[in-house]
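Colleague: Could you take me through this model before I set anything up with it?

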Amino acid sequence: MPLPTDEKLLALSNDLIQQFDTIFGEHPGFRPAHAKGAMLTGTFTPSSDAAALTRAPHITRASTQVTVRFSNSTGLPLVPDNDPNANPRGMAIRFHLAEHSHTDIVSHSTDGFPTHTGDEFLDFLRALAASDLSTPSDPANPKPIEIFLGGHPAALAFVQAPKPAPSSFARESFFGVTAMQFTNADGTIRFGRYRIVPEAGNDHLDATAVAAKSANYLFDELTERVAAGPIRFRILVQLAKDGDVVDDATIHWPEDRPVTELGTLELTARVADDAHEQQRIIFDPIPRVDGIDPSDDPLLELRAAVYLISGRRRRAA
Ligand code: HEM
């Protein structure tokens, strides 16, 4: 995956990474966001409906090997799993198509994002970094983050959306958030957003139950669960209707939009040499595969640059 040449995009990417470093401190060898994670291997099997949506190679084959990384939010490699800031959780999926050929899905457990653009997201992070969250709010002297949220209703809605902790990574749903453009063998184009739902069903904990859990409860549970049997998720795509906004991650489509099933993930083992593999793998929010293209959502190109710059720094550490 090449680094873009657009200087403004590169400067914004570096500013965003630096802002994460300011908030969470630098932890060489770890991600500046979603630092704590674990990787599993398994397979993806397409559903019989998937070929109507896309001609992508992992849909036309019987099955494809996958690697999945589950993660907590924040750039803290040791963030306790029961810290409220560890939500939303992350799920990144790599479909291995051939040697050095792959396509990824990067998703998190909240359906949405605080901002439409990366510039706004940088303003959001800067306002957060400049605010002392340990003191009560004072309407006469609002904090920078309160001023930002007051002028950005979508960011306020994201911040206020409930983000309960799951009892297991295998009992959480994940959302691709940014729309993709799917093309099938006939050339028919549809826009859609990924939803990854656990076969075991969603299960969330209330605040008291979370507080009673250990700092590593999710990662310990993941290891025990996968040793006992496969973990399955269905990968779904919510389809846009003509006229739906497809380039803005802050805008939800109505729930009555049809959902089609792309296929099933079956995760069977923790990755050997997990720490090394996590340091090495760089997920790409842009699919870069025939049959699935990015939408014009401005977050996609930016994130591809951010993750690549950050991943190269991590590999070099
Ligand atoms: C401007 C918007 C965003 C910025 C600046 C940003 C920033 C970052 C950074 C710096 C990383 C670490 C990358 C690495 O070192 O490999 C990261 C990872 C991640 N982000 Fe984002 N992010 C953005 C939007 C999103 C969105 C919309 C989602 C959800 C769909 C998301 C989900 C994730 C996940 C799951 C990871 C961990 C990926 C992995 O396991 O390697 N991010 N993000």
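Colleague: How does the radius of gyration of the protein chain sit against that of a compact globule?

Modeller: This is a predicted model, and for its 317 residues a compact globule would have a radius of gyration near 20 Å, so the 19 Å of the protein chain agrees with that expectation. Taken along the principal axes, the C-alpha atoms fill a box of roughly 60 × 45 × 45 Å.

Colleague: And how many helices and strands does the protein chain have?

Modeller: There are 9 helices and 10 strands in the protein chain.

Colleague: On to the ligand, then: which residues come nearest?

Modeller: The ligand has 31 residues around it, of which R31, A33, H34, G90 and S310 come nearest. By class, this shell is made up of 17 nonpolar, 10 polar and 4 charged residues.

Colleague: Which element gives the most to that shell?

Modeller: That is α9, which contributes 8 residues, while at least two residues each are supplied by α1, β2, β3, β4, α3 and α9.

Colleague: Which residues make the contact?

Modeller: From α1 the contact takes L12, D15, L16, Q19, T22 and I23, and from α3 it takes G118, D119, L122, L125, R126, L128 and A129; sorted by class, the residues of this contact are 7 nonpolar, 3 polar and 3 charged.

Conventions. Residues are numbered from 1 along each chain as its sequence is written. This is a predicted model: local features need pLDDT of at least 70, side-chain atom pairs count only at pLDDT 80 or more; totals for chains, interfaces and linings use all residues. Two residues are in contact if their C-beta atoms, placed from the backbone, lie within 7 Å. Helices (H or I, at least four residues) and strands (E, at least two) are DSSP runs, numbered from the N terminus. Ala, Val, Leu, Ile, Met, Phe, Trp, Tyr, Cys and Pro count as nonpolar, Asp, Glu, Lys and Arg as charged, and the others, Gly among them, as polar. A residue is near a molecule or strand if its C-beta atom, placed from the backbone, lies within 6 Å of it. The radius of gyration is taken over C-alpha atoms; the globule rule is 2.2 Å times the number of residues to the power 0.38.
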